[in-house]
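Welcome! Here is a short briefing for anyone meeting this structure for the first time. Take a look at the view below, and then we can walk through it together.

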Amino acid sequence: MRATIEVSGLRKRFGPTVALDGMSFTVRPGRVTGFVGPNGAGKSTTMRVILGLDAADEGHALIGGRPYRALRSPLRHVGALLDAGALQPGRTARDHLLWLARSQGLPAGRVDEVLERVGLESAARRRAGGFSLGMRQRLGIAAALLGDPPVLLLDEPVNGLDPEGIVWMRGLLRSLAGEGRAVLVSSHLMGELEGTADHLVVVGRGRVIADTGVADLIAAASRDRVTLRTAARAAAASALDRAGAAVAATGQDALVVSGLPPERVVAVLNADGVPFSEVAAYRVTLEQAYLDLTGDAVEYRGAAR
Amino acid sequence: MSAGSGEFGRLLRAEWTKFRTVRGWVAAMAAGALVTVLLGLLSASGSHASCGAGPVETACPPHPVGPGGEAVTDKFFFVHRSLTGNGGITVRLTSLTGQIRKPDATPGVRNVVPGVVPWAKTGVMVKAGTRQGAPYAAVMMTGAHGVRMQHGFTHDVAGRPGGVSKGSPRWLRLTRSGDTLTGYESADGARWTRIGAATLAGLPRTVRIGMFATSPGDLTVTRADLGGSVAAERFTEATGEFDRIAVEGDAPGGWRDDDIGVTLGPDGSPHHPGRAARSGGALSVTGTGDIAPTVEGPAVEDPLGGAPAGLLPVIVVAVAFVTAEYRHGLIRTTLLAGPRRGRTLLAKAFALGLAAFAAALPAVAVAFTAGGRILRANGNVLLSAPPSTQVRVVVGTAVLFALAAVLALALGALLWRGVAAVVTAAVVIVVPHVVATTSVLPDGAARWLLRVTPAAGFSVQQSIPEYPHVLGHYTPIAGFYPLPPLAGLAVLAGHTALVLGLAILRLRRRDA
């Protein structure tokens, strides 16, 4: 089976609300693809459609070329973590994984392997109802890994993890991609994906805004901008303004200049005799690049979790 | 297809694992089983019976058992002789008369009127011996159902209808050839009509052959104050007058009179004795009793009265087994593991049904055997039922638990709301049975409830069938259901399949 997820032209309405508006992208094996966008952008709906839980009004979503419902022993093809809290409180972690293993014809030994991989061996015989959110996330990851699937879909897996857990999760995602799996990780916080995702699918209002490599995105967002460090902020600003650049103050002695390449900035400042200590190409954070991109796609400002 | 059934097998194992790994569910299922046993044993321990012989209490005599294993009434006056090998008897019956005791008009004065009850009977009989319950076949005239041929207590074949009088006598003939007995009737003794034949397996070479008369009690049913009904039976007797009596075959010796199954009063004298009178070639035989399966009295299924209460915890578990998945969002995980939703819900229903069956079967078997033992030890004489019927009652009750559990689960899957589903399941499965069998409703309404609601499934517990040739108080309150056992179970199964089908449709159509 090809380790891919292909989403093509998905449309879905919930009553008057358009949830998906022509969502299309492909997730390739061997890398972590970040699936980002503000809340309400359609990430969870898209994942549920991919997993056959929701039906799209139009379009299709395929895993390794087949719709989810056509998969036999689906957990051997796709592992998914949607809602880590979806557990029967009275059932132990081991028994939760055991029934999943039975449903896929997997041996019980596989349960102990995944419990070890997520570091839950010692809690295996405890009831899931008493688990912290972080432990539930680990149990959810264990369930996703149970069938050793080539494709993984994880909805906000970092949610609720402590700093140590976040580091662990990043390492796990990198190693899963390193094993050649296609890994789709959703998040509404771009910062969570920094250093983890190789590729990004940025969505807003039910459609893809950008489908790009992380390095390319940062370069594109940073393009044509220069940071300037100077004690004479006002003089520098007026000189550059006269030369046709747009100038924005970002600190006591810092300006961001756009519209002029670095060498022209240096020439203009030298010509006017304005002192400066540093001129450099501006490099945005991933978070900033994302905010620039989704600025007009955010529907519910301030509603972030 | 093998891949498909393998998939179902895996889903079934998964659902079974889900069930057994939640301690509360296993405990509640066990509680349902325990309630069934304890209530059964409790009611058995509280039920005592004894029979009086004057001031002395004695143990009640056991019912005779017919060739089919069922409890029978075998009480009649028999004028008979021995027949060895093949042969037959031919008689002319010139009258069937009798008397019926009615409620006393003047207190203390017996109010007896002439008349015959519908199933008063007199005619000719071949019987393996004079022991009560011994195999027989008979051709007879009845009070209101014309000529009949009956054998083995439970079998009844109609001959020509009509009555009998001196002016229009009825000729009756019964022949034996090996194990086969054939009945005939005639209006003139010349042209004979065959009524039917019976094979009495293992009939001895020498049998008793002759004329008999008997008459069952007069059954009156009145509406009870609260609903339901009250039945009363009063003494009757019937007299048949025979002439032109001819026995063919090797029938040595003379006629003997036997009051088969007569009860004795406290002083040892027969109570309501029968009699025979002869004048010339004519014979008059008078008897009281019946030759029929017994339909009244404590039955083998009585210790299973705890089943409706035992079903309640089972219903709660069944509903929780599915609604907990919705409440905790686990249904999505379940559908990820088994995206073919119909199959997944079927596997869940099947696993739960098996769990309920496995819990109920030992409980029902224990309540049935131990409860029956306690009832008998307390002096109750249970109407015996053939072993196959006893197995059907026990296994059928366990199947009833399984189907009720699946119906409750399907309601849970359809309604999503635990409390609503539990209440609905209890209202459609348990409540109709309770109100139909507790003298709250008129008999007609009670029968209707037990015909159309899922409570029809309880009819699988009925061990004594309703016989058209036995007038009885066949009402739910007396343990008689309007549908045959398996038909009742089928009604429950139909409801279950319907609701499960709707639940599958809903699960398929909705986003999860």
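Is Asp74(B) buried or exposed? Asp74(B) is buried, because its relative accessible area is 1%, and the cut-off for buried is under 20%. Please keep in mind that this is a predicted model.

**Around Asp74(B)**

- Asp74(B) belongs to strand S3 of chain B, which covers residues 72-102.
- Its side chain is joined to the side chain of Lys127(B) by a polar contact of 2.7 Å.
- Setting aside neighbours within four places in sequence, Asp74(B) is in contact with a stretch that includes Arg131(B), Gln132(B), Gly133(B) and Ala134(B).
- Other contacts of Asp74(B), beyond four places in sequence, include Phe153(B), Ile260(B), Gly261(B), Asp290(B) and Ile291(B).

**Chain A as a whole**

- Chain A has 305 residues, and 50% of them count as buried.
- Its secondary structure consists of 9 helices and 13 strands.
- Two domains are assigned in chain A: domain 1 spans 5-219, and domain 2 spans 223-283.
- The centres of domain 1 of chain A and domain 2 of chain A, taken over C-alpha atoms, are 45 Å apart.
- Along the principal axes, the C-alpha atoms of chain A fill a box of roughly 75 × 45 × 35 Å.
- Of the contacts in chain A between residues at least 6 apart in sequence, 69% link residues at least 24 apart.

**Where chain A meets chain B**

- On the chain A side 34 residues take part, and they are in contact with 29 residues of chain B.
- The interface holds 1 salt bridge; here the side chains of Lys12(A) and Asp511(B) meet, at 2.8 Å from N to O.
- Between chain A and chain B, 9 residue pairs are in polar contact.
- Strand S1 (5-14) and helix H2 (93-103) of chain A each supply at least two residues of the side that touches chain B.
- H2(A) gives the largest share of that side, with 7 residues.
- By type, the residues of chain A that touch chain B divide into 16 nonpolar, 9 polar and 9 charged.

**Leu176(A), a leucine in a helix**

- Leu176(A) sits in helix H5 of chain A, residues 163-178.
- Leu176(A) counts as buried because its relative accessibility is 1%.
- Leaving out neighbours within four places in sequence, its contacts are Arg117(A), Leu145(A), Leu152(A), Arg181(A) and Val183(A).
- Leu176(A) and Arg125(A) are 51 residues apart in sequence, and their C-alpha atoms are 26 Å apart in space.

**Leu283(B), a leucine in a strand**

- Leu283(B) is found in strand S20 of chain B, residues 282-287.
- At 5% relative accessibility, Leu283(B) also counts as buried.
- Glu241(B) is one of the contacts of Leu283(B) beyond four places in sequence, and others include Val79(B), Met211(B), Phe242(B) and Ile245(B).

Key: Residues are numbered from 1 along each chain as its sequence is written. Chains are lettered from A and ligands numbered from 1 in the order in which they are written. This is a predicted model: local features need pLDDT of at least 70, side-chain atom pairs count only at pLDDT 80 or more; totals for chains, interfaces and linings use all residues. Side-chain values use heavy atoms; hydrogens and water are left out. Domain bounds come from an automatic or database domain assignment. Contact means heavy atoms within 4.5 Å. A salt bridge is a side-chain nitrogen of Lys or Arg within 4 Å of a carboxyl oxygen of Asp or Glu. A polar contact is a pair of N or O atoms within 3.5 Å; within protein, one must be able to donate a hydrogen and the other to accept it, and residues adjacent in sequence count only if both atoms are side-chain atoms. Helices (H or I, at least four residues) and strands (E, at least two) are DSSP runs, numbered from the N terminus. Ala, Val, Leu, Ile, Met, Phe, Trp, Tyr, Cys and Pro count as nonpolar, Asp, Glu, Lys and Arg as charged, and the others, Gly among them, as polar. Buried means under 20% relative accessible area, exposed over 50%, partly exposed in between (1.4 Å probe, protein chains only).
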